[in-house]
Every structure is written in C-alpha cells, then in structure tokens.
Amino acid sequence: MMNDSEAVIYEIMGDLYGALPRQGPGSAECTRKAFSMVGPLPERPYVLDVGCGTGGQTLQLAGLTDGHIIALDVFDWALDRLSERVVSCGLTDRIRTTKQSMMEMDFPDESFDLIWSEGALYIMGFENALRKCRELLKPGGFLAATEVCWLRSDPPKEVREFWQQAYPDIKTVADNVQLVNDCEFEMVGQFTLPDSAWWDEYYTPMRELLPSLRERYAHSSEALALLAENEAEMALHEKYSAWYGYEFFICRRPGNM
Ligand SMILES: C[S@@+](CC[C@H](N)C(=O)[O-])C[C@H]1O[C@@H](n2cnc3c(N)ncnc32)[C@H](O)[C@@H]1O
C-alpha cells in the first residue's frame with residue numbers, strides 16, 4: 001500500500017515519463033543499428049526486454065524479428081501503456097508483458113536467444129546485470145544494452161559530483177568494455193548514442209510537458225522536486241554532454257546455439 005507521497009510520485013511518473021515516446025535516451029535508428037550487429041539468431045528467437053518502459057524498442061524489436069518477446073518492467077503505468085499498444089498493433093501472440101523487478105528475474109537459466117535493455121541495466125548495476133544476463137542467455141545468445149559511461153576521463157567537478165550522486169558506479173567506455181570481457185562475453189559491436197538520441201524522443205518532449213505538469217502538480221512539493229530534478233538533468237546535459245553519454249554494447253555469450 002502506497003502512502004500519499006509515494007502515490008503522487010507514482011502518478012506524476014506516469015504523466016511525465018509515460019507520455020514520452022521513450023523513457024530514456026535512445027532512438028529507433030540506434031535500436032536498428034544495434035540490432036544489425038546481432039546475429040545470427042534462430043528463425044523465431046526468444047527475446048527478453050529488460051526495463052521495457054512503454055515499449056518504444058519492444059515494438060520495434062517485434063518488427064525486426066519473428067520471435068517472442070517478454071517485456072519486463074516494474075511499473076504498471078509503463079506496462080499498461082505497452083499492453084494497449086501491443087493490442088492495437090495486433091502483437092498479442094508475440095509480446096508478453098511481465099511485471100517483475102529485474103533484481104528478481106526468475107526465468108530458468110539459458111532461456112533466451114537475445115536480451116535487450118535500453119537505459120535500464122544501471123538499476124541493478126552493469127556488472128550484476130552482465131552476470132545475470134549471461135546466465136539467462138543460451139550459449140551463443142546475444143545481449144544488446146545501453147549503459148551510461150564517461151566519454152572523457154577528465155569530467156569537471158559539477159558533472160562528476162552529479163554522477164557521483166546519481167550513479168557512483170559510472171565507468172569509462174574502456175572500463176565497461178573490460179567488464180564485458182571479464183564477465184565472459186565476446187564484444188560484437190559498440191557505438192555511442194548521438195546527442196539527438198537524448199533530445200528527439202526524450203528531453204525535448206519532456207521539456208514541452210513541464211509547464212503543464214508544474215501547474216497540475218503545484219500542490220505537491222515531491223512532484224515539483226521530481227520535475228526540477230529532470231530540468232537540472234537536462235541543463236547538465238546541455239553543458240556537459242561531451243563528458244558522458246550512453247554506449248550501446250552488443251555482445252555474445254560464447255558457445256553454439
Ligand atoms: C530509463 S527507463 C528506459 C525505458 C525504455 N527501455 C526506454 O529506453 O524507453 C528505465 C526503465 O526501467 C524500469 N525499471 C525501474 N526499476 C526497475 C526494476 N527494478 N526492474 C525492472 N524495471 C525497472 C522503469 O520503469 C523504466 O521503464
């Protein structure tokens with residue numbers, strides 16, 4: 001049972017993030033590019049999308065493969081919206097939504113041919129996520145995931161302090177490549193998301209929504225604080241995007257499918 005503060009945060013998350021094309025940096029073009037690096041896959045691969053949100057990349061994956069996709073998230077506002085879209089796209093036989101924390105995924109080992117995750121694995125920590133995904137992948141299976149990374153090793157104090165708070169485990173791209181190898185994956189490909197992937201489907205539509213949400217939630221200091229946090233994050237990105245970004249890592253669990 002949620003208390004009043006939790007309930008208002010939950011509600012504004014749905015009204016804010018749920019109304020955006022994506023709930024984090026990413027784009028259809030980047031999803032397509034990452035998918036082009038995956039393969040070969042079975043004709044009907046079994047796919048897991050971790051932290052699917054409202055399913056921007058999930059629906060796209062359904063077009064890129066003939067497989068079955070489990071779309072996993074913890075929030076009803078995200079899963080309900082995705083479920084509606086799955087029905088309206090006639091994909092109920094191909095996409096199944098699952099409400100479960102990525103921290104408690106209980107699929108049998110070696111279940112999936114492909115695990116996808118955009119902007120979400122930081123929640124369990126990239127290293128824990130790599131180890132868990134490796135267990136869940138069939139030998140020869142692929143993981144494609146974005147992870148926020150330092151793009152330069154000399155971040156100014158303001159941006160270093162922000163990430164120290166938000167995600168103390170943030171690493172350089174090179175350190176994450178090493179981590180991928182240490183976790184016994186073969187790196188198949190990688191690329192940095194362009195700046196447009198932060199803005200076109202995420203920050204720009206978010207910025208457009210902020211004034212109306214500030215009015216609607218004027219009664220709640222918690223909700224206003226959440227909006228202010230997002231504004232500060234955008235301002236930081238405008239100033240320091242050269243120092244950090246999302247890297248798409250596409251890697252393979254060694255072995256034969
Ligand atoms: C940055 S958003 C990315 C969403 C989507 N993949 C996209 O790129 O648009 C992170 C997602 O992880 C979900 N999430 C947060 N905690 C989670 C958890 N413990 N288990 C599964 N999903 C979680 C959020 O609800 C959100 O949809």
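Which residue just after helix 4 takes a positive phi? That residue is Gly90, with a phi of about 65 degrees.

The model shown in these views is predicted: local features need pLDDT of at least 70, side-chain atom pairs count only at pLDDT 80 or more, and totals for chains, interfaces and linings use all residues. Residues are numbered from 1 along each chain as its sequence is written.

**View 1. Helix 4 and its surroundings.** Helix 4 covers residues 76–88; helices (H or I, at least four residues) and strands (E, at least two) are DSSP runs, numbered from the N terminus. With 13 residues, helix 4 reaches 18 Å from its first C-alpha to its last. This is close to the 18 Å expected at 1.5 Å a residue, where the expected span is 1.5 Å times one less than the number of residues. Trp77, Ala78, Leu79, Leu82 and Val86 are the buried residues of helix 4. A residue is buried if 20 or more other C-beta atoms lie within 10 Å of its own, exposed if 12 or fewer, and partly exposed in between, with C-beta atoms placed from the backbone. An α-helix has 3.6 residues a turn, so residues three or four places apart point the same way. The buried residues of helix 4 pack against helix 1 (4–16), helix 3, strand 2 and strand 3 (95–99); two residues are in contact if their C-beta atoms, placed from the backbone, lie within 7 Å.

View 2. Val74 is placed in the loop between strand 2 and helix 4. Val74 counts as partly exposed because it has 15 C-beta neighbours inside 10 Å. Not counting residues up to four places away in sequence, Val74 touches Lys99 and Ser101. Val74 and Lys99 are 25 residues apart along the chain, and their C-alpha atoms are separated by 5.2 Å.

**View 3. The shell around the ligand.** There are 21 residues around the ligand, and Arg22, Gly24, Gly51, Gly53 and Gly119 come nearest. A residue is near a molecule or strand if its C-beta atom, placed from the backbone, lies within 6 Å of it. Helix 3 (56–64) and strand 2 (68–73) are the elements that give two or more residues to this shell. By class, the shell has nine nonpolar, nine polar and three charged residues. Ala, Val, Leu, Ile, Met, Phe, Trp, Tyr, Cys and Pro count as nonpolar, Asp, Glu, Lys and Arg as charged, and the others, Gly among them, as polar.

**View 4. Helix 8 against helix 9.** The axes of helix 8 (residues 196–216) and helix 9 (residues 221–240) come within 11 Å and cross at roughly 140 degrees. Axes are lines fitted to C-alpha atoms, for helices over the stretch in contact, and angles run from 0 to 180 degrees between N-to-C directions. Helix 8 contributes Trp198, Tyr203, Met206, Arg207, Leu210, Leu213 and Arg214 to the contact. From helix 9 come Leu224, Leu227, Asn230, Glu231, Met234 and His237. The residues of this contact divide into eight nonpolar, two polar and three charged.

**View 5. The buried residues of helix 5.** In helix 5 (residues 126–136), Phe126, Ala129, Leu130, Lys132, Cys133 and Arg134 are buried. Their cover includes strand 4 (112–117), strand 5 (137–150) and helix 7 (173–182).

**View 6. The loop between helix 2 and strand 1.** Gly39 lies in the loop between helix 2 and strand 1, and Pro40 is found in the loop between helix 2 (28–36) and strand 1 (46–50). The peptide bond from Gly39 to Pro40 is cis, with omega near 5 degrees. Gly39 counts as partly exposed, with 14 C-beta neighbours inside 10 Å.

**View 7. Two glutamates with positive phi.** Glu110 has a phi near 60 degrees, a positive value in a residue other than glycine, and lies in the loop between strand 3 and strand 4. Because 15 C-beta neighbours are inside 10 Å, Glu110 counts as partly exposed. Glu184 has a phi near 65 degrees, also positive, and is placed in the loop between helix 7 and strand 7 (186–192). Glu184 is exposed, with 12 other C-beta atoms within 10 Å.

**View 8. Asp66 in its loop.** Asp66 is placed in the loop between helix 3 and strand 2. Asp66 is exposed, with 12 other C-beta atoms within 10 Å. Leaving aside its neighbours within four places in sequence, Asp66 is in contact with Glu43 and Arg44.
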